[in-house]
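Welcome! Keep your viewer open and follow along, one selection at a time.

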Amino acid sequence: MAMEMEVAVAAAEDWVARTAEQVRAEGERRYPGETPTCASGISPSGRVHLGNLRELMVPHLVADEVRREGAPCRHILSWDDYDRLRRVPAGMPEEFAEHVGRPLSSVPDPCGQHESWAEHFKEPLRVSLDRLGVQVTEISQTEMYTGGAYTAEIVTAMRRRADIDAVLGRYRTKRAADPDPDPDDDEPRSGAYYPFRPYCAACGRDDTTVTAFDDETTEISYTCACGVREGPTPIAQVAGKLVWKVDWPMRWAYEHVTFEPAGVDHSTPGSSFTVGAELVSEIFDGEAPLHFAYSFVGTTGSAKMSSSRGGAPTPADALEIFEAPLVRWLYARRRPEQSITLAFDAEVGRVYDEWDALSRKVAEGAAEPAARVIFARASGPAEGPLPVTPRPLPFRTLASVADITAGDQAQILRIVRDLTADDPVADLDEVRPRLDCAQAWVREYVGPEDRTQVRDHPDADRLAELTDEERGALKLLMDGMPAYWSLGGLTTLLYGVPKLQRGLPISAPPTPELKAAQRDWFILLYRLLIGKDTGPRLPTLLLALGQDRVRALIGG
Ligand SMILES: [Zn+2]
Ligand SMILES: [Zn+2]
């Protein structure tokens, strides 16, 4: 009975299950017999960062939940690659300023290996989505617009421009408070309103002003800042697109979108969703999708890396240090209205520990029902679980090993074998990809001052100052090492040395006095081995160094 209650409560609070159910029901009501559609929209105008990934993960989790229940669900990724280049992002060559105003798909590729600026920024996201098990149907707005897919909708919008203008006008007065201003609205408004913005036939930019549109013939005329006068030309033959606040609802109707979330900045009163919801029914004979806002995604500890790579971290950056299921988990475990913080600093180790603890609980059947459901979603999409590290050693341990060995693979294998003495790891592939993540983390996010530098030669000054008690402790360690040479054994021995010195058994319970003695003893070892007061866990450090090197440094 208590168990049933728990399940019921979990289901009510489970936004993924609840939204998936709504998508199925609403999809069937609106478009009977059709596969329901969840939508994401991404502008490939620059690096697609981790905040943008939420735009994909929220609909993914919902669409995936529908599929998990055995029903089809379409998740479209609408690439806004026909949007104008608004500005040259920081870190990009200034000569691209010449392309401001042209569609992202017409701006040259900054690296020379892609078809265009847009493709340059799409590719890394595609690779990350694939690794995350996020299946999408990509739709290029360039292809849709230039292929004529929206011609009927464009003509409708142009003929109904006065009605659109009236709807927009009701919100324009509130624009001072609009955190999501449409750049198209910001133009000085003179003359008639037109919701279609041509890309100039001569210069390719959208510095254009529509001067006439014939509702009967659908011929359009425009001028451009470059001096060109064009038209009257049938609008079907004119490059251009609907302004954003009209474009979005047009696509809801065109694609039969049943669910589309957006960032909180798009969802306030007067923002594009509110306006779009009116326009979709009034102009495009459709319905606004089910919608809610998702909150921000922040990061900690990524500043160092960001400045060297230019901008906020991307999904690819996160996947370099987190196994794919962990990235899914970081998004799946928060409700949309909760913000997410992705750690790139020392917190990474704690995130892995939490995940490992959850994995063990699930395997033992001890996890709470809600946590179990989230774990399943994190582990992979409906098609099946994503690859995991066969032997998931603690991330912090692997990071220490990577740090101490400076990445030397033979040394790493030797240490990892010692770490798993009961059932030794045969091949480093058994601890991958987690080992690669740990190595990347040490390389990219641990500052040189925090790395471990093992001393080249013994600290003669400190060794000369040793007290009798210190000398005794070091001797106990050296004598005990061979018999205790494993992670568990060395842990027992290291904590046990101050106990043995006081005539206590090695398993004696800790006391405040013992703890103080242990602290001093560990500092002594860190000073002698790495010249600092703290460092990686000492058992790991000793295993990494090997008995001969430890002896050489502590004076034996
Ligand atoms: Zn490129
Ligand atoms: Zn022009």
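**Stop 1: salt bridges**

A search of the whole structure, which is a predicted model, turns up 46 salt bridges. Let's visit a few of them.

Select glutamate 69 and arginine 24. These two form a salt bridge, and their closest N and O atoms are 3.3 Å apart. Glutamate 69 sits in the loop between H3 and E2, while arginine 24 belongs to helix H2 (residues 15–30), so the pair ties together parts that are 45 residues apart in sequence.

Next, select aspartate 247 and arginine 251. Their side chains meet in a salt bridge, with 2.4 Å from N to O. Both residues belong to helix H8 (residues 244–255), and because they are four residues apart there, about one helical turn separates them. Now turn on a surface. Aspartate 247 is buried, with a relative accessible area of 0%, and arginine 251 also counts as buried, at 7%.

For another buried pair, pick arginine 434 and aspartate 356. Here the closest N and O atoms of the salt bridge are 2.8 Å apart. Which parts of the chain does this pair link? Arginine 434 is in helix H17 (residues 434–445) and aspartate 356 is in helix H13 (residues 347–364), so distant parts of the chain, 78 residues apart, are linked. Arginine 434 is buried, with a relative accessible area of 1%, and aspartate 356 counts as buried at 9%.

Before moving on, highlight Asp81, Glu119, Lys122, Arg126 and Glu138 together. Salt bridges link these residues in a network.

**Stop 2**

Switch to a cartoon view and color strand E1 (residues 37–42). Five of its six residues are buried, so this strand is mostly covered.

Now look at the partners of E1. With strand E2 (residues 74–79), E1 pairs in the parallel sense over six bridges. Select alanine 39 to find isoleucine 76 of E2 standing opposite. Strand E9 (residues 257–259) also runs parallel to E1, and two bridges join them. To see this side, select threonine 37, which stands opposite valine 257 in E9. Then select cysteine 38, whose bridge partner in E9 is phenylalanine 259.

H3 covers residues 50–68, and together with E1 and E2 it makes a right-handed β-α-β unit.

**Stop 3: threonine 218**

Jump to threonine 218, in the loop between strand E5 (208–213) and strand E6 (219–224). Is threonine 218 buried or exposed? Its relative accessibility is 16%, and it counts as buried. Show what surrounds threonine 218: leaving out residues up to four places away in sequence, it touches Val155, Arg159, Phe213, Thr233, Pro234 and Ile235.

**Stop 4: leucine 490**

Now go to helix H20 (residues 487–501) and select leucine 490. Leucine 490 is buried, with a relative accessible area of 0%. Which residues does leucine 490 touch, not counting those up to four places away in sequence? They are Met481, Tyr484, Trp485, Pro539, Leu542 and Leu543. Try the distance tool on leucine 490 and leucine 542: their C-alpha atoms are separated by 8.2 Å, although the two residues are 52 residues apart along the chain.

**Last stop: how confident is the model?**

Finally, color the chain by pLDDT. The protein chain averages 91, and 93% of the residues score at least 70. Select residues 1–9, where the pLDDT is below 50. Beyond near neighbours in sequence, this stretch has four contacts in the model. Where pLDDT is low, the predicted coordinates should not be read in detail.

Definitions and conventions
Residues are numbered from 1 along each chain as its sequence is written. Chains are lettered from A and ligands numbered from 1 in the order in which they are written. This is a predicted model: local features need pLDDT of at least 70, side-chain atom pairs count only at pLDDT 80 or more; totals for chains, interfaces and linings use all residues. Side-chain values use heavy atoms; hydrogens and water are left out. pLDDT is the predictor's confidence in each residue, from 0 to 100. Contact means heavy atoms within 4.5 Å. Buried means under 20% relative accessible area, exposed over 50%, partly exposed in between (1.4 Å probe, protein chains only). Two strands pair if DSSP finds at least two bridges between them. A crossover is right-handed if, with the strands pointing away from the viewer, the path from the first strand over the helix to the second runs clockwise. A salt bridge is a side-chain nitrogen of Lys or Arg within 4 Å of a carboxyl oxygen of Asp or Glu.
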